[in-house]
Amino acid sequence: MDEVQIRCVIEAALLAAGRPVSLDKLMELFAGKGSSPERAVVRTAIAALAGDYEGRGIEVKEVASGFRVQVKSSMTDWLQPLWEERAPRYTRALLETLALVAYRQPITRAEIEEVRGVAVSTNIVRTLTERSWIRVVGYRDVPGRPSMLGTTREFLDYFGLRKLDDLPPLSEIRDDYPASGPQTDLIDALGALSARGAQVSAEVAPADNEPADVKTTEKTESVPVTQSETS
């Protein structure tokens, strides 16, 4: 099997899957035909495909779950009329909570409340859990054994990250987005990350039954999140 054919199979697979495809899954496609290239060859083909998309409106992106073809963020404004659903809007309190989990994980609910200075609404934790952005990763070895929260592979996929180390440093965020306090820093971190990493991709579209605005009793201000990866 020549390199051009390998590249064509990979491109077709990424377009047809509708979700990130792991390298192992791509290898399975070739193994089923009795002609399996080396992993290095497949990776080279992916890189070549990414090169083919240079200067176009789509790109190959590697995220936590694998590779996908997605619309570039620079195209988002042009494509907005194609989206029937509005971009989901989340409260400032929800984004603060998510940012704390992302940057300080593993972290308990009490530790989040200590930083934010207010109680964490059950609705916030439920919404983040239902979106599969956070999960229980363990239990703190203290009286009561409170659960510790961390982010998920779906969180990384949604924000276009391959691993947690790809999260931008908060100091970098502060340089680009001047903030008045630590909570604002955390909000700006998620907002900047969303703007940079969220692309247009079908597998992360908001569920039909998901509320457009998550209500809490803590704050009523809502913050828009860019229509993500396909969304």
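**View 1. The largest nonpolar core.** Among the 24 residues of the largest nonpolar core, L98, I112, L128, W133, I134 and F155 touch the most other members. A nonpolar core here is a set of buried Ala, Val, Leu, Ile, Met, Phe, Trp, Tyr and Cys residues joined through side-chain atoms within 4.5 Å; buried means under 20% relative accessible area (1.4 Å probe, protein chains only). Helices α5 (92–104), α7 (122–130) and α8 (153–158) each give two or more residues to this core, and α5 has the largest share, with 7 residues. Helices are DSSP runs (H or I, at least four residues), numbered from the N terminus.

This is a predicted model, in which local features need pLDDT of at least 70, side-chain atom pairs count only at pLDDT 80 or more, and totals for chains, interfaces and linings use all residues. Residues are numbered from 1 along each chain as its sequence is written, and side-chain values use heavy atoms, with hydrogens and water left out.

**View 2. Around L128.** Setting aside neighbours within four places in sequence, L128 is in contact (heavy atoms within 4.5 Å) with L94, T97, L98, W133 and I134. Elsewhere, a second, separate core of 17 residues includes I10, L14, M27 and V42.

**View 3. Where α1 meets α3.** The axes (lines fitted to C-alpha atoms over the stretch in contact, with angles from 0 to 180 degrees between N-to-C directions) of α1 (residues 3–17) and α3 (residues 39–52) come within 9 Å and cross at roughly 70°. The two helices are therefore roughly perpendicular to each other, a label for angles of 65 to 115 degrees. On the α1 side, I6, R7, I10, E11 and L14 meet V41, V42, A45, I46, A48, L49 and D52 in α3.

How values were computed
Buried < 20%, exposed > 50% of the residue type's maximum accessible area, 1.4 Å probe, protein only. Parallel < 35°, antiparallel > 145°, perpendicular 65-115°, else oblique.
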